[in-house]
2 protein chains.
Amino acid sequence: MAKQRQTGVKPTREEDYAEWYQQIIKVSDMAERSPVRGCMVIKPWGFALWENITRILDGMFKDTGVKNAYFPLFIPLSFLEKEAEHVEGFAKECAVVTHHRLEQGAEGGLVPAGKLNEPLVVRPTSETIIGDSFSKWISSYRDLPILINQWANVVRWEMRTRVFLRTSEFLWQEGHTAHATKKDAVDRTVQMLDVYAKFVEENLAIPVYKGRKSAAERFPGALDTLCIEAMMQDKKALQVGTSHFLGQNFAKSSGIKFQNEREVEEFAWTTSWGVSTRLIGGLIMTHSDDDGVILPPKIASSHVVLLPIFRKGEDRDRVMAYTNEVAAALREKVYHGVKLVVEVDDRDIGGARGWEWIKKGIPLRVEIGPRDIESNSVFVARRDQSVKEKASIKKIKFIGEITKVLDDIQDNLFAKALDFRDKNTIEIDETEEFYKFFTAENQEKPEIHGGFSISSWCGRDECEAKIKDDLAVTIRCIPFGDEIQEGKCICCGQESRKKVVFAKSY
Amino acid sequence: MAKQRQTGVKPTREEDYAEWYQQIIKVSDMAERSPVRGCMVIKPWGFALWENITRILDGMFKDTGVKNAYFPLFIPLSFLEKEAEHVEGFAKECAVVTHHRLEQGAEGGLVPAGKLNEPLVVRPTSETIIGDSFSKWISSYRDLPILINQWANVVRWEMRTRVFLRTSEFLWQEGHTAHATKKDAVDRTVQMLDVYAKFVEENLAIPVYKGRKSAAERFPGALDTLCIEAMMQDKKALQVGTSHFLGQNFAKSSGIKFQNEREVEEFAWTTSWGVSTRLIGGLIMTHSDDDGVILPPKIASSHVVLLPIFRKGEDRDRVMAYTNEVAAALREKVYHGVKLVVEVDDRDIGGARGWEWIKKGIPLRVEIGPRDIESNSVFVARRDQSVKEKASIKKIKFIGEITKVLDDIQDNLFAKALDFRDKNTIEIDETEEFYKFFTAENQEKPEIHGGFSISSWCGRDECEAKIKDDLAVTIRCIPFGDEIQEGKCICCGQESRKKVVFAKSY
């Protein structure tokens, strides 16, 4: 047996993907499970990603005319009940506030007291409470459109949780808009999906499929749910963003009415759209390897770490002076609108130091020792290349070209992820082949096993349900486009006019 | 009777200050009460203030080495109970989650189901849950200090609420730090109070007194609470920021221990510090007048509004072209690190248009009509001056000097607020005079009635309590400084060595 290289993370992806994910969150110091069931603590290295995500997305939203606001955390039960499908969708997993104080119980400890007349639900999403505000803000077509976003925490009492991917509490943004016409609302639904796709591909370096959900997978209360779907390294799909056309459903249940130009009262047309801290999970699962996380530079918590090296005490001052000079020069560089974030790590902890930064996924590691100073150089390693690959580069060249190098890493990561996805996406027309593709036992073609299958679907719920029951495979999205794709349903064999993306998913 | 000028807000401050405040929130379109008891909806014009506050403060925190993170919304009851004074302080006003789903009740509607084994409290503050994380993160003196901040929503079930000033849910930041020595923790407590004071004075243009709270007014569980206190236009005090030295109380209750350099285990020393959306209430109550809000330019939601004026249709294109040209030039200007936010309001709604912007408090209003174009000018009104005061200024001069003008408005607002506070702050040594000063019936010197009184206090709880009972006046802060100020306690007449700030407060 060939001796395996020691990896930064144990187990490897191949050995145990799910456990690898847990370990990678841990060794990168991004987040941890909290003592509160299903909730997470996002640590500074992980939260910096969220800060970068919010900064960039917030700017993109505002460029389309959206303004931020803030609505209450609590939703009266009666509000949630206004839209029947909606409450049905969230009733099974919501945190309910029933009391407003604590008092000494008979057995000594504190117990809930001050029972509320009406229970309050901690928002799982805010259509109903924001709809109530919209109903007050809107009276004329002149008040439309209203384009609102809020950055907030939401709670869905999930039974099986996984840090960043599915947690009881998570952070997200939820956009809510109201329009005078159906067309305006539909256009906005598409526009925001496009914003998400652009953001995710250009900043997180995650390629996505855009499309719409089947009726069974729609947001509770929506007429149409658009989504972007990405492929993780275990070939499962992750839904990373959704944009909902809500028709007049919530306008009717919340009373969002306006007088049109002919002074006739109409219900408004509304949309909602959101992405969450799940993006961070997707980012990690797309790019990381068996040595740790790999962060795309545009979104990285920090861009570069300088690692001064000195064996002898007398070298210290000289090396630190050179290091600080490099750091100061780098901190003046602007990369996609922000100054480079530069770490200087002068801890005396040996080889563990470099490995910590590999695990954290920082794009560039720069070693600086006495010999580098003599040659006016720095010794550079890129996180998107092998751990051992390092190059001596003239200091002036490194500083001058660092933003180009970061862009190159960004592009590389996207290209690699795209290549992986495309290699694992195939068109399957035969039912038997489809079942083999998604069955663990099929080891004939391991290299193309279990990714995305583009296959015909007749459009019937029964076929969708049977495939889900048989294989735990769902329709991830129905790609956009009016063209008819003749074929036979992969489940029932009946005439089909559309091919859709099937996959297992998170 | 002289005819009174019509004001933008009714009632005026003098007629009914509390109702004036409600009205001013409404007419400025900043926020509204929500259907959820005690919670508010922050509308875009109000939320933009919070975005500016968070942007500037966040940068100031990071400059001192603080990093952001995120901790769970829910706190297990057992965590809150760990620190006796702490839970005592918050038990009477907390939202308690007792169930995790809803199901069909016997009478038809949904009812809470899935009772939790342990109730969860919606965080009123996060010392206990963050302390739990710190206990895991810290093992050696090398791990210290830890400097963490989170931007979050918190809930305190207040019985009497007022938008921005006191609401059941509010937005805030809470900093939490752990240190190896008492001195480090005390220094950090002072440092963050200084950050707050600098931020509030320089950006919100609100002058503040810095000092420490008396024992009775301390944060539950703290050894020392430092605060900044501002004077509102009704001469009442508003506490706008606090910084707490927690000693080893929370370290002991949460088990935050570390090995010191001599390998001896010690408890860490912790601090916490916060400001909230209350700052917006303070901002409004400090600067606004009977015509509406007045926003300090450094924090304003928008800096300038352009109001094109055209009576005849044929003027429209010409006026709009000129207006858009001015807008484009202004939007390139950078004011304290951000590009100017420029509104163009071309609605055809007559005089109501200008008044809307006056009420909203935008620093500069610029009218542009055909005559202004002919003279290459704009017609400018400053919100810190009388509503009728407007000046024709050459366009090129206006654009060139706008940031100076904004700074001048900023300085004016601070100077005016400082003057008001200082005029209404007096040293009182006589008990009778003190009682008269704070008694509504005393109309002898209305111009100096009921502001801040700097008076001697012996340091005893009884005297503090008596004054609170008699007058609803509290010790707002004990100013910093070691110097002894000999005097006689304003309450009991006994020897006193310190003068403190007394006032009524929000």
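Q: What makes the six strands an open sheet, and in which order do they run?
A: In this predicted model, the order is 4(A)-6(A)-5(A)-5(B)-6(B)-4(B), with antiparallel pairing. Strand 4 (74-76) of chain A and strand 4 (74-76) of chain B stand at the edges with a single partner strand each, so one side of each is left without a neighbour in the sheet. From one strand to the next, the twist averages 40°.

Q: How do you know that strand 5 of chain A and strand 6 of chain A pair?
A: Two strands pair if DSSP finds at least two bridges between them, and strand 5 (residues 96-104) of chain A and strand 6 (residues 110-122) of chain A are joined over seven bridges in the antiparallel sense; therefore they count as paired. Within this pairing, A:Arg101 has A:Ala113 in strand 6 of chain A as its bridge partner.

Q: How do you know that strand 5 of chain A and strand 5 of chain B pair?
A: The criterion is again at least two bridges, and strand 5 of chain A pairs with strand 5 (residues 96-104) of chain B over three bridges, in the antiparallel sense. The bridge partner of A:Val96 in strand 5 of chain B is B:His99.

Q: Which element gives the largest share of the side of chain A that touches chain B?
A: With contact taken as C-beta atoms within 7 Å, 46 residues of chain A are in contact with 46 residues of chain B. Strand 5 of chain A contributes the largest share of that side of chain A, seven residues, and the side as a whole divides into 30 nonpolar, seven polar and nine charged residues.

Q: Why is the relation of chain A to chain B that of a two-fold axis?
A: Chain A is superposed on chain B by a rotation of 180° with 0.0 Å of shift along its axis, at an RMSD of 0.0 Å, and that is the relation of a two-fold axis. In chain A, the C-alpha nearest the axis belongs to A:Val97, 2.1 Å from it. The same surface serves both copies, since 100% of the contact residues of chain A recur in chain B.

Q: How do helix 2 and helix 6 of chain A cross, and what makes the contact?
A: The axes of helix 2 (residues 44-63) of chain A and helix 6 (residues 182-203) of chain A come within 11 Å and cross at roughly 145°, and the crossing is right-handed. The contact is made by A:Ile56, A:Leu57 and A:Met60 of helix 2 of chain A with A:Val195, A:Phe199 and A:Asn203 of helix 6 of chain A; these residues divide into five nonpolar, one polar and no charged.

Technical notes. Residues are numbered from 1 along each chain as its sequence is written. Chains are lettered from A and ligands numbered from 1 in the order in which they are written. This is a predicted model: local features need pLDDT of at least 70, side-chain atom pairs count only at pLDDT 80 or more; totals for chains, interfaces and linings use all residues. Axes are lines fitted to C-alpha atoms, for helices over the stretch in contact, and angles run from 0 to 180 degrees between N-to-C directions. Helices (H or I, at least four residues) and strands (E, at least two) are DSSP runs, numbered from the N terminus. A crossing is left-handed if the near helix is turned anticlockwise from the far one by less than a right angle, and right-handed if clockwise. Two residues are in contact if their C-beta atoms, placed from the backbone, lie within 7 Å. Ala, Val, Leu, Ile, Met, Phe, Trp, Tyr, Cys and Pro count as nonpolar, Asp, Glu, Lys and Arg as charged, and the others, Gly among them, as polar. Copies are superposed by least squares on the C-alpha atoms of residues with pLDDT of at least 70 in both.
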